[in-house]
Number of protein chains: 2
Amino acid sequence: MSGGERLIYLPLGGAGEVGMNAYVYGYGKPGKERLILVDLGVTFPDMDSTPGVDLIMPDMSWLIDRADQLEAILITHGHEDHIGGLGHFWNQLRVPVYCRKFTGHLAHRKMEERGADPEQICIVDAFPETIEAGPFGLSFLPVSHSIPESSALIIDTPVGRIVHTGDFKLDGAPVVGEAFDPELWHDIAGDGVKVLTCDSTNIVVPHPGRSESTLGPNIRKLVAESSGMVVATTFASNVARVKTLAEAGRDAGRSVCLMGRAMLRMVSVAVETGVLTDFPPVISHEEAEDIPRENLMLIVTGSQGERRAASAQLSRGKYLGMKLAEGDTFLFSSKTIPGNERSVLGIVNAYSEMGVNVIDDTSSSYHVSGHANRPDLEAVHDLMRPQMLVPMHGEHRMLRRHMEVAEEKGISSIVATNGTMLDLTGDTPRVAEHVETGRVYLDGTQLIGALDGVVRGRIRMALNGHVLLTVILDEEDEPLGDPWAESMGLAETGRSKASLVELIESEAGQFMARADDKVLLDDDKLDAGLRRVARQVCVEEIGKKPEVTVVISRLA
Amino acid sequence: MSGGERLIYLPLGGAGEVGMNAYVYGYGKPGKERLILVDLGVTFPDMDSTPGVDLIMPDMSWLIDRADQLEAILITHGHEDHIGGLGHFWNQLRVPVYCRKFTGHLAHRKMEERGADPEQICIVDAFPETIEAGPFGLSFLPVSHSIPESSALIIDTPVGRIVHTGDFKLDGAPVVGEAFDPELWHDIAGDGVKVLTCDSTNIVVPHPGRSESTLGPNIRKLVAESSGMVVATTFASNVARVKTLAEAGRDAGRSVCLMGRAMLRMVSVAVETGVLTDFPPVISHEEAEDIPRENLMLIVTGSQGERRAASAQLSRGKYLGMKLAEGDTFLFSSKTIPGNERSVLGIVNAYSEMGVNVIDDTSSSYHVSGHANRPDLEAVHDLMRPQMLVPMHGEHRMLRRHMEVAEEKGISSIVATNGTMLDLTGDTPRVAEHVETGRVYLDGTQLIGALDGVVRGRIRMALNGHVLLTVILDEEDEPLGDPWAESMGLAETGRSKASLVELIESEAGQFMARADDKVLLDDDKLDAGLRRVARQVCVEEIGKKPEVTVVISRLA
């Protein structure tokens with residue numbers, strides 16, 4: 001087919017999980033395909049599985065090994081799970097990065113922060129502007145989402161058109177940015193769509209999605225009827241929501257103050273790039289201090305309970321001169337991402353103790369999702385009538401459900417999780433190959449492999465505590481002095497009420513005294529024996545089996 | 001009033017949080033009150049704040065110090081957050097424990113497990129049976145909840161009647177146990193209720209609760225329409241739900257097999273104590289192996305994704321001879337408790353990869369809550385017409401909301417979180433005193449204070465990694481040999497690509513060589529200096545500031 005050339009699709013991240021999106025398309029002879037990369041995102045660590053880690057990124061080794069085949073990187077929108085890895089990997093990929101203007105501003109900074117060349121960011125206008133990258137013709141098709149200038153990609157290949165939706169929803173009145181234009185989509189599908197690579201995040205939600213603009217009246221009413229200070233939080237990048245909130249404040253005769261670095265930055269980037277117009281006037285936090293609280297509205301960062309964001313700081317007391325008080329209102333114009341429940345509830349309860357009225361999204365009146373729900377996804381299937389549908393963005397259960405929905409319509413589909421390379425040349429998707437993929441962690445300044453054991457060691461210390469045991473042997477390999485023990489993360493005393501480390505030292509001393517040359521001359525045997533002694537004492541005394549590090553110093 | 005005697009209420013756990021319930025009531029002269037304790041529960045640790053901890057319990061010091069004033073312990077029902085601490089503290093309290101029969105079976109075991117005397121469990125029939133404990137007359141009023149024989153307590157005091165609801169819902173057809181009997185409640189309120197101490201768990205849920213019996217038809221339909229094996233999970237202690245599930249299996253012509261120790265145990269205790277009758281016949285897992293999958297239904301433990309429970313084991317492969325396959329159905333007849341989302345979703349996705357159809361509670365068709373929602377709570381307020389309402393069971397925001405609901409009805413109310421002692425003698429609740437309370441951790445076999453720093457040390461190691469640095473000084477206080485470093489939970493190499501521990505050893509060696517006697521003779525100065533050196537190397541090399549333990553061995 002096509003002279004032995006093929007069209008391939010390979011997710012390196014984001015398929016079989018939510019987050020760290022990275023999708024490769026390629027066209028050419030097998031193994032010699034010219035490639036493009038769509039999105040290069042991160043995902044966030046948690047204490048359960050990745051304590052101390054700063055960021056989680058896809059393992060890009062496969063693509064880095066083939067950097068000479070890569071033509072371009074395309075970024076659909078500026079959320080961290082689509083753009084966050086750009087600066088970290090660009091120096092190993094070294095190709096132009098295409099995106100629209102607002103995303104470009106954010107991408108520019110991502111590159112700068114990590115010492116990559118920000119001049120490699122190329123700003124592209126929306127469709128019909130088209131760029132060429134090897135065998136591909138590429139254009140950005142505006143979609144609605146919870147950040148400005150989100151785009152689907154139209155990827156024209158020698159064997160047909162691919163539409164890669166990116167994150168999207170159908171919104172006829174998105175407050176900021178272009179409304180959904182079914183006629184344009186219909187035109188784009190005109191000559192036939194070979195592959196629809198489609199967002200699956202909300203496939204399990206059965207009802208149609210709601211427009212961003214439905215929130216305005218609810219939020220306006222809430223703010224108008226509140227008596228004390230009103231504080232609202234949402235994702236800073238949801239510029240449309242920030243605008244709705246600010247307008248509600250202004251309409252209620254309140255001065256509006258933005259707090260939190262991300263909030264100030266996103267609004268200013270959105271104004272600079274022209275995506276945000278008519279934003280109500282805002283005041284600084286210094287000015288806000290002089291405004292009576294019933295005339296004030298704060299719009300703050302920290303909708304997910306992030307410890308250092310404005311909402312968390314306010315829940316602990318004063319922040320930049322502001323302090324909440326009884327009768328004030330705090331609005332979460334956001335949903336809580338699974339895993340962040342405890343942090344968010346911690347803030348809610350702190351506010352409750354202050355007598356602040358907290359309004360969350362239980363009523364669905366103050367937040368809408370940025371993703372297309374099942375009926376909306378089906379509407380897009382019907383509009384695009386693709387030959388094949390490849391579900392992306394989502395956990396396995398979501399991809400599988402999306403495949404089922406497509407197949408019920410007679411569209412050929414397949415679940416391809418990270419590392420599953422599909423051959424899309426023919427009429428149905430076919431698994432071409434399984435590629436080794438995984439995750440790498442940014443840990444401090446270093447990238448470490450998820451399987452390196454570094455994080456596993458940390459988790460073990462967190463669960464079991466850590467005992468350190470030092471012994472010294474003299475030039476004749478005889479014990480010199482007594483063993484020395486220290487512990488961290490363990491009770492100081494146990495069953496016998498004696499000091500745990502002293503008990504370990506004493507048992508270790510007896511072990512050393514009993515040990516013959518076969519043991520004393522062999523570091524491995526000594527280590528194993530001392531480790532066993534330390535664990536035994538801990539099990540008997542406190543019922544725990546700690547991690548034990550034995551340091552054997554031999555005076556040479 | 002009453003000759004200087006007073007009626008007090010003191011939550012030691014469960015007020016201002018969900019879990020580890022423990023409520024003290026007392027009557028007598030201030031400081032000499034005769035006391036009773038209602039419930040003695042635990043709460044569960046998490047990796048975020050309590051890694052490695054086995055159980056979290058209320059700090060019972062206040063009551064232990066006054067054990068001679070204590071008359072009795074009453075347990076409202078057998079959930080861990082009401083009964084789990086009984087065995088751990090009984091030996092320090094040493095008074096009779098009153099409960100109903102089913103709860104008594106569970107309490108018996110809790111006592112045995114911790115070396116307390118199980119003969120101290122006294123079984124009490126439901127109201128009108130009454131026991132005397134000091135100045136109190138006590139009876140158990142049957143309520144519906146998600147475990148058999150839950151009870152409210154009627155606490156008659158010299159100054160009036162208290163009704164302490166325990167966990168409850170209003171259910172006219174609870175499948176197992178007594179239906180809600182509004183006339184009985186009305187009679188109990190007859191002579192006037194002084195205080196209603198009331199469950200607040202679901203106060204923020206605006207719609208009336210649904211009966212346990214509404215689930216039967218939905219579950220029956222689902223099981224009847226499933227083609228492969230059906231596996232369902234719920235809390236093992238929700239015996240009514242287990243019965244509904246088993247009946248659905250039987251009605252669909254399937255053999256029913258219970259899997260997981262807790263599941264087998266709860267059903268057998270319920271049968272033994274007579275609360276569960278007409279349970280469909282069950283087969284063992286050995287027998288189940290010979291039954292065609294379309295004729296089989298498993299009811300398993302692990303609705304919260306617990307690693308070692310049956311549902312998690314099945315998601316990883318074979319468990320007791322059983323293995324799920326494409327076309328099977330897995331039903332979560334349960335809700336996911338906040339904090340368990342990741343574990344549950346991990347299982348859902350593992351099943352999705354096997355091709356198993358997972359049905360969760362998104363549709364609300366297969367699970368109902370065991371707690372009264374706001375309209376139900378209001379119905380109880382109206383039935384009981386208490387003089388005062390004390391909200392319990394719940395985070396601060398729930399207690400506060402419950403207080404507001406009561407006050408809107410003209411009932412005097414107050415938010416009293418753990419440690420807030422109320423004087424309930426008069427017509428309105430009054431704060432009498434603030435008592436020091438907190439949490440203790442069962443860690444291995446030891447109880448440790450939440451503020452002891454033990455767990456903080458573990459969290460630090462998990463976030464930052466741990467470096468151990470050993471130096472030896474000879475009899476003249478001169479460095480002997482080179483310093484020795486080990487690390488755990490840190491990358492092996494960093495920026496310079498050299499071994500991190502070797503770099504630390506080398507820098508530490510230079511520090512020792514440069515150090516003068518003022519440093520070499522002073523353990524604190526040596527420790528601080530070496531710690532700084534180790535951290536500096538780590539910051540430069542890998543961008544992390546680890547925990548550092550320095551071991552200084554002096555050859556005496």
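How far apart do the end C-alpha atoms of residues 19-219 of chain A lie? Select that span: its ends are 30 Å apart, and the span is 20% helix and 28% strand. Helices (H or I, at least four residues) and strands (E, at least two) are DSSP runs, numbered from the N terminus. An unreviewed UniProt entry places "domain: Metallo-beta-lactamase" at residues 19-219 of chain A. UniProt positions follow the numbering used here, feature names are shortened, and annotations may be inferred rather than shown by experiment.

This is a predicted model: local features need pLDDT of at least 70, side-chain atom pairs count only at pLDDT 80 or more, and totals for chains, interfaces and linings use all residues. Residues are numbered from 1 along each chain as its sequence is written, chains are lettered from A and ligands numbered from 1 in the order written, and side-chain values use heavy atoms, without hydrogens and water.

**Stop 1: the axis.** Show chains A and B. The same surface serves both copies: 100% of the contact residues of chain A recur in chain B. Contact means heavy atoms within 4.5 Å.

**Stop 2: a pocket.** Select Ser487(B), Met488(B), Gly489(B), Leu490(B) and Glu492(B). Of the 26 residues lining the second largest pocket, these lie nearest its centre. Elements giving two or more residues to the lining include helix H14 (454-464) of chain A and strand S28 (484-488) of chain B.

**Stop 3: the cysteines.** Over all chains, the search finds zero disulfides (pairs of cysteine sulfur atoms within 2.5 Å). Cys122(B) is partly exposed, at 24% relative accessible area, whereas Cys538(B) is buried, at 0%. Buried means under 20%, exposed over 50%, and partly exposed in between (1.4 Å probe, protein chains only).

**Stop 4: Ile299(B).** Find Ile299(B) in strand S17 (residues 296-300) of chain B. Ile299(B) is buried, with a relative accessible area of 0%. Beyond its neighbours within four places in sequence, its contacts include Ala232(B), Val242(B), Cys257(B) and Met263(B).

Notes. 1 Å grid on protein atoms, 1.4 Å probe; cavity = no way out; pocket = protein on both sides within 12 Å on 5 of 7 lines; lining within 4 Å.
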